[in-house]
Amino acid sequence: MVESTEAAAGTAPRIRTSGDTEVGAYLEIAGAREPGNIFTPAPNAPEAVVVLDYGSQYSMLIARRIREAGVYSELVPWDTTPENLNHLRIKAFVLSGGPASVYEPDAPTLPAFVIASQLPVLGICYGMQLLAHTLGGRVAPAAHREYGHAVITVSDAENPLLSGLPASMPVWMSHGDQVVDLPPGFRSIAQSESSPVAVMADAAGHLGIQFHPEVVHTPQGDQLLQNFLFNVAHCAGDWTAANFIEESVKNIRERVGDGKVICALSGGVDSAVAATLVHRAIGDQLTCIFVDNGMMRAQEPERVVTTFREQMAMRLLHVDAVDRFLGELVEITNPETKRKRIGELFIRVFEAEADKLGKVDFICQGTTYPDVIESASSGGSAAVKIKTHHNVGGLPTDMQFTLIEPLRYLFKDEVRRVGKELGLSDEMVYRQPFPGPGLAIRVIGEVTRDRLDVLRAADWIVMDEIKNASMYYDLWQSFAVLTDTKTVGVQGDFRTYGYCIALRCVNAEDAMTADWARLPYDLLARISTRIVNEVPEVNRVVYDITSKPPGTIEWE
């Protein structure tokens with residue numbers, strides 16, 4: 001085995017095993033004393049793969065790809081504790097990429113319990129470098145950095161991670177460091193032109209890959225991840241919408257008991273699925289509250305009441321709070337302030353309505369995983385907050401209710417599969433997402449009744465033309481934004497000075513990333529013509545061709 005050496009810049013101290021097993025050596029260098037018995041999962045805990053987030057822009061995609069393979073996965077901060085994972089029956093760990101260099105003094109580290117668990121570990125990009133650095137290898141700046149497309153050559157096709165994959169395959173690289181000395185017990189099993197160690201493996205199920213299998217730019221990435229899940233970690237792959245519903249209904253019943261629940265119902269798919277799931281669990285112990293805040297789309301309040309009260313037979317209270325919400329937003333132009341004020345007022349309205357129902361213990365919300373990730377970083381200092389979602393970071397700290405968020409760890413497409421399994425209609429399940437703060441964050445600047453009416457009229461035209469073109473279900477979202485810019489125009493031989501409307505149409509899988517939709521020119525022309533002809537306050541229409549990143553889907 002390798003003799004110990006003195007540490008230098010970019011060098012982790014090598015280990016002397018002195019006859020110990022490899023696992024023992026790994027535990028020594030990871031700072032853990034004993035293997036195994038790290039977790040005490042709850043009875044019937046779901047099988048899961050835990051992704052430790054080191055700040056990569058692709059971290060959420062890793063969890064998503066794992067779930068698409070039928071294995072439950074959660075993304076957690078890299079510095080989480082074992083106690084925070086006891087609700088899961090962990091089958092393996094994945095270490096995400098990240099922007100740091102492992103040899104920097106303040107770089108995120110590998111928790112000792114990961115190696116001590118003796119579970120399979122897959123390190124991706126920074127995760128691979130961290131695995132190598134921690135277990136006695138050496139990582140240093142690469143002589144030739146790799147960003148973008150690369151080709152790897154497999155030198156050990158018998159390894160279960162690479163089983164069934166081509167001998168040469170394109171991948172997506174994004175790194176400036178590389179493993180220059182392998183840890184004891186590891187072998188390089190694939191290489192690229194600039195990376196002698198593109199994939200590394202040992203006999204204990206510890207694997208590292210320098211590229212990103214989770215992105216579409218790595219065509220065989222899904223197969224590689226499935227190889228890890230089923231060939232290495234031996235997952236069952238039995239996480240389905242039906243299983244999720246069964247487990248959620250059971251947990252909700254146990255948690256609520258004889259208590260009462262109110263549901264913040266917006267009419268969107270998230271709150272609709274959450275309400276239906278809770279209703280299946282506790283029936284009439286649930287009361288849905290639909291708050292008309294004056295920031296809904298045209299005809300939406302009427303449709304929500306009809307759908308849930310008459311068609312789905314749920315207890316529904318319809319609260320007209322338009323004046324209260326508009327009053328809270330007077331002279332408010334900062335997007336974060338808008339979101340927080342709307343979030344707090346929602347809760348205050350619910351509290352007032354709940355008082356009329358007697359003692360209410362819980363409030364149900366349709367919070368989803370992208371809401372949580374964007375509102376508060378998932379990885380300590382490794383990731384950053386993007387914006388506050390009104391139903392996450394915007395909730396008041398002195399709220400009287402206990403939150404029930406059955407969809408908190410689901411992506412949008414997973415929410416839709418659950419909705420279909422619950423029997424909701426296609427019209428409800430596949431409707432385009434609508435933000436909780438509503439049109440307030442599509443009115444740039446101060447939100448007033450008049451400006452909302454202008455936006456509502458323009459947005460109605462956008463939706464009407466998108467549906468007439470049979471493109472509604474092909475797009476993730478399509479909507480209008482009322483900008484705070486006015487422009488000079490000529491209409492009917494008169495000079496006008498009117499608002500500029502921005503059109504935003506995007507394609508996405510889960511809203512974590514999105515690309516602007518290439519709409520036909522004729523469709524854009526029809527939308528523009530109708531808006532400037534039918535909405536008197538508007539004389540200009542522009543089309544937003546910004547993807548996410550760098551932009552977000554909503555303008556605020």
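1. Helix 12 (residues 412-421) is mostly covered, since seven of its 10 residues are buried, where buried means under 20% relative accessible area, exposed means over 50% and partly exposed lies in between, with a 1.4 Å probe and protein chains only. Helices here are DSSP runs of H or I with at least four residues, strands are runs of E with at least two, and both are numbered from the N terminus.

2. On the basis of the values, this is a predicted model, in which local features need pLDDT of at least 70 and side-chain atom pairs count only at pLDDT 80 or more, whereas totals for chains, interfaces and linings use all residues. Residues are numbered from 1 along each chain as its sequence is written, and side-chain values use heavy atoms, with hydrogens and water left out.

3. To return to helix 12, its buried residues are Lys412, Asp413, Glu414, Val415, Arg416, Val418 and Gly419. The buried residues of helix 12 pack against helix 2 (59-68), helix 6, helix 7 and helix 13, and just after helix 12 Gly423 takes a positive phi of about 95°.

4. Thr368 lies in the loop between strand 13 (362-364) and helix 11 (369-375), and Thr368 is buried, with a relative accessible area of 4%.

5. For the protein as a whole, the secondary structure comes to 15 helices and 18 strands, and 59% of the 556 residues count as buried. Among contacts with a separation of 6 or more, 75% are between residues 24 or more positions apart.

6. The largest pocket holds about 1100 Å³ of space and is lined by 31 residues, of which Pro46, Phe244, Glu247, Ser248 and Asn251 lie nearest its centre. A pocket is an open set of points on a 1 Å grid over the protein atoms alone, where a 1.4 Å probe fits, with protein on both sides within 12 Å along at least five of seven lines, and lining residues have an atom within 4 Å of a point; grid points are joined across faces, edges and corners, and the volume is the space filled by probe spheres set on them. Helix 6 gives the most to this lining, with 10 residues, and the lining of the largest pocket divides into 15 nonpolar, five polar and 11 charged residues. In these classes, Ala, Val, Leu, Ile, Met, Phe, Trp, Tyr, Cys and Pro count as nonpolar, Asp, Glu, Lys and Arg as charged, and the others, Gly among them, as polar.

7. The second largest pocket has a volume of about 680 Å³ and a lining of 24 residues, of which Arg303, Glu427, Arg431, Lys467 and Tyr472 lie nearest its centre. Helix 8 (300-311), helix 13 (426-429) and helix 14 (449-468) each supply at least two residues of this lining.

Notes
Contact means heavy atoms within 4.5 Å.
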